[in-house]
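Subject: Handing over the structure

Dear colleague,

I am passing this structure on to you, and below it you will find what I found when I went through it. Please keep it open while you read, so that you can look up each residue as it comes.

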Amino acid sequence: MRSLWALRIVLLLHCVLICAQPILAGYFLAGEVDAMNIHGPIGGSIWMLGFLQVFIAAIYWLCGGGGAQPVLWSMALVAAEFIQLIFGYLQNFAVHIPLGTAIVGTVIWMTVWSFRQEVKR
């Protein structure tokens with residue numbers, strides 16, 4: 001099923017970018033101020049990748065790929081990532097850090113979930 005493979009690819013890209021964020025933040029906190037030049041643009045655009053993920057998850061669901069859970073989780077991620085972006089620019093780390101941790105965990109979980117799904121013929 002092509003839609004499952006498309007979802008897997010988007011989730012892998014999402015996972016790589018989202019997992020880079022805490023690493024880049026750590027470099028910044030360790031004194032590498034240039035790390036923020038990468039952290040900021042990724043954070044500012046990753047929610048757009050989330051919209052693509054919602055679209056592909058919906059196609060997967062409509063093509064008989066199971067329930068609507070991937071769509072709902074993807075929609076929740078887009079909302080969380082947009083809120084994360086706002087609190088990051090506000091430098092409200094009391095929200096930004098725990099929300100970021102939840103986002104990273106959710107994207108990793110969804111990526112693993114996608115590769116555990118059987119491809120239907």
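Ala20 lies in helix H1, and with a relative accessible area of 21% this residue counts as partly exposed, because the cut-off for buried is under 20%. Please bear in mind that this is a predicted model, and that every value here was computed from it. If you follow the chain from Ala20 to Ala94, you pass along 74 residues, and the C-alpha atoms of the two are separated by 20 Å.

Phe55, which has its place in helix H2, is exposed, with a relative accessible area of 53%. Between Phe55 and Ser74 there are 19 residues of separation in sequence, and their C-alpha atoms are 9.0 Å apart in space. Ser74 itself is one of the buried residues of H3.

That brings us to helix H3, which has 21 residues and reaches 30 Å from its first C-alpha to its last, close to the 30 Å expected at 1.5 Å a residue. Its buried residues include Pro70, Val71, Leu77, Glu81 and Leu85, and the buried residues of this helix pack against H1, H2 and H4. After H3 comes Gln91, which lies in the loop between H3 and H4. The phi angle of Gln91 is near 55°, a positive value in a residue other than glycine, and Gln91 is exposed, with a relative accessible area of 57%.

Among the buried residues of H4 are His96, Leu99, Ile103, Thr106, Val107 and Met110, and the buried residues of H4 pack against H1, H2 and H3.

Leaving aside its neighbours within four places in sequence, Thr106 is in contact with Trp73 and Leu77.

Leu7, if residues up to four places away in sequence are not counted, touches Gln53, Ile56, Ala57, Tyr60 and Trp113.

Finally, there is the largest pocket, with a volume of about 730 Å³. It is lined by 25 residues, and Ala25, His39, Gln84, Phe93 and His96 are those that lie nearest its centre. H1, H2, H3 and H4 each supply at least two residues of the lining, although the largest share, 7 residues, comes from H4. By type, the lining residues divide into 13 nonpolar, 11 polar and 1 charged.

With best wishes

Terms used: Residues numbered from 1 in each chain as written. Predicted model: local features only at pLDDT ≥ 70, side-chain atom pairs only at ≥ 80, totals over all residues. Heavy atoms only, no water. Contact = heavy atoms within 4.5 Å. 1 Å grid on protein atoms, 1.4 Å probe; cavity = no way out; pocket = protein on both sides within 12 Å on 5 of 7 lines; lining within 4 Å. Points joined across faces, edges and corners; volume = space filled by probe spheres on them. Helix = DSSP H or I, 4+ residues; strand = E, 2+ residues; numbered from the N terminus. Nonpolar A, V, L, I, M, F, W, Y, C, P; charged D, E, K, R; others polar. Buried < 20%, exposed > 50% of the residue type's maximum accessible area, 1.4 Å probe, protein only. Expected span 1.5 Å × (residues − 1).
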